[in-house]
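We will go from stop to stop, selecting as we go.

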Amino acid sequence: MSPAAQTSVDVLIVGAGPVGLFGAYYAGVRGLSTAILDSLPEPGGQITAMYPEKAIFDVAGFPAIRGRELVSNLVAQAAPFNPEYLLGEQAIGLERGEDFVVTTSSGRRVRSRSIIVTGGIGTFTPRPLPTGEDMLGRGVVHFVPDPDEYIGLDVVIVGGGDSAVDWALLLEPIAKSVALVHRRAAFRAHPHSVEVMQATSVRVITDAQVTAVLGDPVSEVQVSVDGQLSSLPCDRLVAALGFIANLGPLLEWGLEIQQKRHVVVDTTMASSVPGVYAAGDICEYPGKVRLIATGFGEVATAVNNAVRYMDPTASVFPGHLSDYAPPGTLGAPGTPTTVPG
């Protein structure tokens, strides 16, 4: 890409997770052109990168929905409004003038009239294994995006958080064997998930750590428990030790940041920089609850108030969305208003 590449939109959404994707839909409803910028190569944010096959239970109207399906639905929902996806690019510099200009890691310059930051926890880097990290890509992985690749394999998972336990539950029915190694007896994962895992064939080894990774590609790991070494067959070693979150260049944008992790906003989702809003896990205000469901409402609030920022004569309230049905959807012109059958 040429360093002179330019994009010009009404709203730049920084973060292509579920909240950012819903924001793109909502901005389209309000007649705004939108670009979505994310350092990851695919839309979906942490869901796509970390747990695409995990069932999510806190999205209204869905008793349960898999992460990959939720992301696909959100992309489809926004599609009639043609948001521009700028994936694999990180937001770097911010210039303020009549409009904002954000420079990306590729050299692209994105001009926008307003910005909504929906970057979740910011840029996240997996915590490395104390040993075996040099085998990354040769049997050692940090994510499990496609469980079918683990059918019939011996899998060892290191960690005690939700991702470690969720992946153990996901892979147990299809892998040849699954062992989970955790350095403590207590888990950080949801207690119910731990209880379910302990009722399966997953071999749970606590107060333990992996001391050696053998083979190239990996074929075996050594585990130490109270100084006693044992070996486990291992075709895939999943390092689920959590992530180091970093807002990166956003820290230089002049935003009020709390604990170097969260963008402080008011009830309109406005940050301390006029025209810049935040929604989802990255934003902070009194009483904040970090749920996907909460983020959806926050980004709708941000979009509607960004409309007022760009045009002080506009109404913050968008009206009922049944008045904005895009072509081809239920209730749109020329589309049946009742469900067939």
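**Stop 1: T34**

Select T34: leaving out residues up to four places away in sequence, T34 touches V9, V11, I13, A24, A27, P83 and E84. Contact here means heavy atoms within 4.5 Å. T34 belongs to strand β2, residues 34–38. Helices (H or I, at least four residues) and strands (E, at least two) are DSSP runs, numbered from the N terminus. T34 is buried, at 7% relative accessible area. Buried means under 20% relative accessible area, exposed over 50%, and partly exposed in between, with a 1.4 Å probe and protein chains only.

A word on the source: this is a predicted model, in which local features need pLDDT of at least 70 and side-chain atom pairs count only at pLDDT 80 or more, while totals for chains, interfaces and linings use all residues. Residues are numbered from 1 along each chain as its sequence is written, and side-chain values use heavy atoms, with hydrogens and water left out.

**Stop 2: α1 against α3**

Select helix α1 (residues 18–29) and helix α3 (residues 67–78). Their axes come within 8 Å and cross at roughly 20°. That makes α1 roughly parallel to α3, a label for angles under 35 degrees; over 145 is roughly antiparallel, 65 to 115 roughly perpendicular and the rest oblique. Axes are lines fitted to C-alpha atoms, for helices over the stretch in contact, and angles run from 0 to 180 degrees between N-to-C directions.

Now show side chains. P18, L21, F22, A24 and Y25 of α1 meet V71, L74, V75, Q77 and A78 of α3. The contact holds nine nonpolar residues, one polar and no charged. Ala, Val, Leu, Ile, Met, Phe, Trp, Tyr, Cys and Pro count as nonpolar, Asp, Glu, Lys and Arg as charged, and the others, Gly among them, as polar.

Next, N82, in the loop between α3 and β5 (84–87). Its phi is near 50°, a positive value in a residue other than glycine. N82 is exposed, at 63% relative accessibility.

**Stop 3: the open sheet**

Select five strands, in the order β10-β17-β11-β12-β13: they form an open sheet with parallel pairing. Two strands pair if DSSP finds at least two bridges between them. Which strands stand at the edges? They are β10 (140–141) and β13 (203–205), each with a single partner strand, so one side of each has no neighbour in the sheet. Three bridges join β12 (residues 177–181) to β13. V181 has I205 in β13 as its bridge partner.

**Stop 4: the β14–β15 hairpin**

Move to β14 and β15, a hairpin with five residues between the strands. They run antiparallel, joined by six bridges. V210 has V223 in β15 as its bridge partner. In the turn, G215 has a positive phi of about 95°. What kind of peptide bond joins D216 and P217? It is cis, with omega about 5°.

Then pick S219, in the loop between β14 (208–214) and β15 (220–225). S219 is partly exposed, at 42% relative accessibility. Beyond residues up to four places away in sequence, S219 touches L214, L232, P233 and C234.

Last, D226, in the loop between β15 and β16 (228–233). D226 is exposed, at 71% relative accessible area. Its phi is near 55°, positive in a residue other than glycine. Most residues other than glycine have a negative phi, and most peptide bonds are trans.
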